[in-house]
Amino acid sequence: MSSPAAPHWFLAGAGHIGTLAAHYLQCAGHRVSVLRTSAREPIETTLHFHSDGQRRHITLDVHTPATLAAPIEHLIVACKTPYTANALAGCPLADDATVLRLQNGMGSLDGLLAPTNRLIETVTTNAVTGTPTMHEVVAENHSWMGDGGRPPAWFEAVANAWPGLVWADDIRSAQWRKLVANAAINPLSALYDVPNGALVDRADLRACMQRVVAEADMLLSALDADWPGDSLAAVEDVARATAANTSSMRADLQRGAVTEIDAINGWLVAKGARLGMEMPVNTALVERIRRARQDE
């Protein structure tokens, strides 16, 4: 029996993480094209892997919704969460399309997909910095995919090409763990303009981080009685492991760009409101980040 043909993926969001994912998929024999609202030349870019010093050059062709001959059957959403609706506007998704969501935060695709689309959440702790033409892959850590079902036929080949990727039966736990870390590290490092490690090195910032984590754990425990809570140690481990790094939100504020605060701390606040729970610590962070960007 012949193996099924490798999918042709369309990538919405060819930033650092999206480009790295495209590289892994190409290594697995998949075709990847970038989806943009206006036509551009093919993307020529380089990935520099710090683990072995190798540089891998990749080419990605570019399509617009108007140039597609058929509906999209495989889509990767890797753009920043505030741009999700615009990135998918006019996107002709097939009724049974598979969508990989590779973004920070939660809720960015709510109301944007058909009930028949297969949404596979993708969580990664890989670290990539750099420029649009040179992506510095600082670390290849752990990544998870899952949707509560069985992995698709193409997953095994992709996992063989994507270091640290596993299929998670409980993807929500991986999402929530990363959400709590992002909620504590991103806004505090951005507001105080410090690298991640300062959040554990400075007693005042560690105390702030502890309050954020405690409030997040309280909410997540209300959403799921099985949530273990006590996330602070894991969040501190992330801050230490990325001690010299600039968080994405800090980088956004430094250049006056839109942040993902609404999909991270804002998601926690919104969920709390639905449960009648006050979330003063996370609410204050959302408001302070919004004000900081308006001040740019």
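User: Before we start, what counts as buried, exposed or partly exposed here?
Analyst: Buried means under 20% relative accessible area, exposed means over 50%, and partly exposed is in between. This is a predicted model.

User: Fine. Is Asp-230 buried or exposed, then?
Analyst: Asp-230 counts as exposed, because its relative accessibility is 68% and the cut-off for exposed is over 50%.

User: Where is Asp-230 found?
Analyst: In the loop between helix 6 and helix 7.

User: And what is the phi of Asp-230 near?
Analyst: Near 50°, which is a positive value in a residue other than glycine. Most residues other than glycine have a negative phi.

User: Which other residue has a positive phi although it is not a glycine?
Analyst: Asp-193, with a phi of about 50°. Asp-193 sits in the loop between helix 4 and helix 5.

User: Switching to Ser-33. Which strand is it in?
Analyst: Ser-33 belongs to strand 2, residues 31-35. Ser-33 is buried, with a relative accessible area of 0%.

User: What does the side chain of Ser-33 make polar contacts with?
Analyst: One partner is the side chain of His-8, at 2.8 Å. Another is the side chain of Asp-61, at 2.5 Å.

User: Which residues is Ser-33 in contact with, leaving aside neighbours within four places in sequence?
Analyst: His-8, Trp-9, Phe-10, Leu-11, Asp-61 and His-63.

User: How far apart are the C-alpha atoms of Ser-33 and Ala-14?
Analyst: They are separated by 9.6 Å, and the two residues are 19 apart along the chain.

User: Now Asn-117. Where is its place?
Analyst: Asn-117 is in the loop between strand 6 (93-101) and strand 7 (118-124).

User: Buried or exposed, that Asn-117?
Analyst: Asn-117 is buried, because its relative accessible area is 12%, and buried means under 20%.

User: Which backbone oxygens does the side chain of Asn-117 reach?
Analyst: A polar atom of that side chain lies 3.0 Å from the backbone oxygen of Ala-94. The side chain of Asn-117 also reaches the backbone oxygen of Asp-95, at 3.2 Å.

User: What does Asn-117 touch, not counting residues up to four places away?
Analyst: Leu-93, Ala-94, Asp-95, Asp-96 and Ala-97.

User: On to the core. How many residues has the largest nonpolar core?
Analyst: It has 37 residues, and Met-209, Val-235 and Leu-268 have the most contacts inside it. The elements giving two or more residues to this core include helix 4 (171-191), helix 6 (203-223) and helix 9 (265-274).

User: Which helix gives the largest share of this core?
Analyst: Helix 4, with 9 residues.

User: What is Met-209 in contact with, leaving aside neighbours within four places?
Analyst: Ala-184, Ile-185, Leu-188, Leu-199, Val-200, Val-235 and Glu-236.

User: Last one. At what angle do helix 9 and helix 10 pack?
Analyst: At about 135°, with their axes 9 Å apart. That makes helix 9 oblique to helix 10. The crossing is left-handed.

User: Which residues make the contact?
Analyst: Asn-265, Gly-266, Leu-268 and Val-269 of helix 9, and Asn-282, Thr-283, Leu-285 and Val-286 of helix 10.

Note on methods:
Residues numbered from 1 in each chain as written. Predicted model: local features only at pLDDT ≥ 70, side-chain atom pairs only at ≥ 80, totals over all residues. Heavy atoms only, no water. Helix = DSSP H or I, 4+ residues; strand = E, 2+ residues; numbered from the N terminus. Buried < 20%, exposed > 50% of the residue type's maximum accessible area, 1.4 Å probe, protein only. Contact = heavy atoms within 4.5 Å. Polar contact = N/O pair within 3.5 Å; in protein donor to acceptor, adjacent residues only side chain to side chain. Core = buried A, V, L, I, M, F, W, Y, C linked by side-chain atoms within 4.5 Å. Axes fitted to C-alpha atoms, helices over the stretch in contact; angles between N-to-C directions. Parallel < 35°, antiparallel > 145°, perpendicular 65-115°, else oblique. Left-handed = near helix turned anticlockwise from the far one by under 90°.
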